[in-house]
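A short briefing follows it.

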Amino acid sequence: MDLENQARIKELAEKYGNEDLIVVLGGAEAEASGLAAETVSQGDPTFAGPLAGVSLGLKPYHIFELKDQVDESVYEDQVSMMEMVLDMDAIIEEVKKYR
Amino acid sequence: MNFPVVKGASYALIHAPHMVIHQGTTQTSERRKNPESEHLKKLPEHLRSFEDVVKYPPNQTYIGNILPAELKEIPRPWYENPIQDAKREGKYGEIMPEDEFLGLIKAVDSFELVLLEENFQAAVKEKLLAHPVVGDLKELAKLDKNPAKLEDIQKLVDGHLAEPMYFEGKLVGCVKKAHEFDQALTEHVMFENLVSKASAVFSLKLLFAKTDLKPEDVDYIIECSEEACGDMNQRGGGNFAKAIGEVCGCINATGSDTRSFCAGPAHALVEAAALTQAGIYKNVVVVAGGSTAKLGMNSRDHVAKGMPALEDVIGGFAVHISENDGVSPVIRTDIVGRHKIGSGASPQAVMQAIVTDPLDHAGVKLSEIDCFSVEMQNPEITVPAGAGDVPTANYKMIAALGVKRGDFEKSQLNNVVEKIGMPGFAPTQGHIPSGVPFIGFARDLILEGKLNNAMIIGKGSLFLGRLTNLFDGVSFVMEKNSGKVEEAGFDKEEVRKMVAEAMRNFASALKVD
């Protein structure tokens, strides 16, 4: 996960806590989405960024999992096409492991 | 309409394993944070020989020796299935070894910033003088001058006054800083810019060697790499284009630099097409050298997965755009896609703006485009790093957009991807994979009647510059030439009709009188 994004998420988690804060991922691939999910929940597995060794305990979700929470027309415009393109099941399965 | 044409394209690769270690940003960042890291220790064992790089199937595709369709038939991983009789010379270009390239860097240096160790310099001079493409450069005379002693080079490198250059594990040269404290002229910036200039010079020389274009016939050069040259008062002042043209003997050309991250080349080609169609210039060359920063960018993943560090080549290309010759494939300047500032950043909005909007505007169906050249990154590099198969993802997006619009049935999605797509074969050098690697093939396949058209797409991630979160994308369509060249200024048939009509009106008027 991008080092600057790690720093921003760390800052937000410190400010708002991890109870009412979730991380919404838009990764295009299962392994990369899983890495991002692991980074914000357990810490940066690559030990490269600000979340190395820092377990924020945030719950990660992929946007595919939140379809029902999003305005239908917005989801249609922004995400629906990618449902046909990406391996949704593999991505969701990987992200779920970190909740 | 008299569309401009694609007259030729050339492609260069330079094997640069020592630059992977010493100048690739993944490694330089690691060295800064953790100099004793396992990655830095293991990386050298994962670097390939020049012979392995030449035999690597995607590299043979990039220089034009095998078609993307042929690459697709070679079993993966490609690095375990080399082409045994492969040559460094290709139909459209060449793969150059690192020592020759270091010599070329000294040859293109105008400010005596490059020092090469005396024995290395003498050896590499002989190789370059015998080189069929760059051997005639008068700048090679610089390889007779200022041979350096190893201890002097070492002193400059140790004093952080120069960027080191290595070959076969030994220090053989360096690039000195160009100013005492100007951050835009440090040894590192000068090294990157000279690498970009030298690889672009090689690409342009290859274009002259592989096509009929003569240096003196070039009117304008558009350089579209991802580097910036200037000093502290104008950090990106330019001008790579004229610096490259000067070395290559383009005495009648001027030029300028165009930037838009990976979409730069597509912008530059549209500009070149416009300049030639407007009649401002007859022959425009779009050229770009490569980047050392991106060497070994994903090597941490490659090393961890026991693979060779495949990002070991610098890429370059040159494309010649000219006025309509009645033969070469045209650039349909009436089908130019652009991601507008107001287009939106979702994948769907991006694809619509750069793929279907321009086709709709020109009344061309998505299904009428034979082939799409998208971001042609070699998937063998990106998949192990978690970035997926980039070209395939792009083809799926185009097909999925077609399904949403009703151009195709959902059940046809995979067939469409198969029909319009091809495997990625370009190094991950940002601007290099973005649409342009297929232009040489597209030109020949269209001339041979095997393709009617191809859409070339460039996409760029502008957020990396931290000035905007906007995305970027530009596309254009190459198409078979109708063979009809309209004469400039007027259409004879149209004038004949107008004269006939005027005569008829005059005769009628006489009758009435």
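The points below concern confidence, helix packing, the chain contact and a sheet.

This is a predicted model. The predictor assigns the complex an ipTM of 0.83 and a pTM of 0.92. For chain B the mean pLDDT is 95, and 98% of its residues reach 70 or more.

**Packing of α14(B) and α16(B)**

- In chain B, helix α14 (residues 347–362) packs against helix α16 (residues 390–405) at an angle of about 90 degrees, and their axes are 10 Å apart.
- Because angles of 65 to 115 degrees count as roughly perpendicular, α14(B) and α16(B) are described as roughly perpendicular to each other.
- On the α14(B) side, the contact is made by Pro347(B), Gln348(B), Met351(B), Gln352(B), Val355(B) and Thr356(B). On the α16(B) side, Met397(B), Ile398(B), Leu401(B) and Arg405(B) take part.
- The residues of this contact of α14(B) with α16(B) comprise six nonpolar, three polar and one charged.

**Contact between the chains**

- In the contact between the chains, 14 residues of chain B meet eleven residues of chain A.
- Both α14 and α16 of chain B supply at least two residues each to the side of chain B that touches chain A.
- The most is given by α16(B), with seven residues on that side.
- By class, the side of chain B that touches chain A holds eight nonpolar, four polar and two charged residues.

**Packing of α10(B) and α11(B)**

- Helix α10 (residues 187–210) and helix α11 (residues 240–247), both of chain B, pack at an angle of about 55 degrees with their axes 9 Å apart.
- This angle makes α10(B) oblique to α11(B), and the crossing of the two helices is right-handed.
- From α10(B), the contact involves Ser196(B), Lys197(B), Ala200(B), Val201(B) and Leu204(B). From α11(B), it involves Phe240(B), Ala243(B), Ile244(B) and Val247(B).
- The residues of the contact of α10(B) with α11(B) are divided into seven nonpolar, one polar and one charged.

**A three-stranded sheet in chain B**

- Chain B has an open sheet of three strands in the order β3-β5-β4, with antiparallel pairing.
- Val114(B) has Val175(B) of β5(B) as its bridge partner.

Notes:
Residues are numbered from 1 along each chain as its sequence is written. Chains are lettered from A and ligands numbered from 1 in the order in which they are written. This is a predicted model: local features need pLDDT of at least 70, side-chain atom pairs count only at pLDDT 80 or more; totals for chains, interfaces and linings use all residues. Axes are lines fitted to C-alpha atoms, for helices over the stretch in contact, and angles run from 0 to 180 degrees between N-to-C directions. Helices (H or I, at least four residues) and strands (E, at least two) are DSSP runs, numbered from the N terminus. Angles under 35 degrees count as roughly parallel, over 145 as roughly antiparallel, 65 to 115 as roughly perpendicular and the rest as oblique. A crossing is left-handed if the near helix is turned anticlockwise from the far one by less than a right angle, and right-handed if clockwise. Two residues are in contact if their C-beta atoms, placed from the backbone, lie within 7 Å. Ala, Val, Leu, Ile, Met, Phe, Trp, Tyr, Cys and Pro count as nonpolar, Asp, Glu, Lys and Arg as charged, and the others, Gly among them, as polar. pLDDT is the predictor's confidence in each residue, from 0 to 100. Two strands pair if DSSP finds at least two bridges between them.
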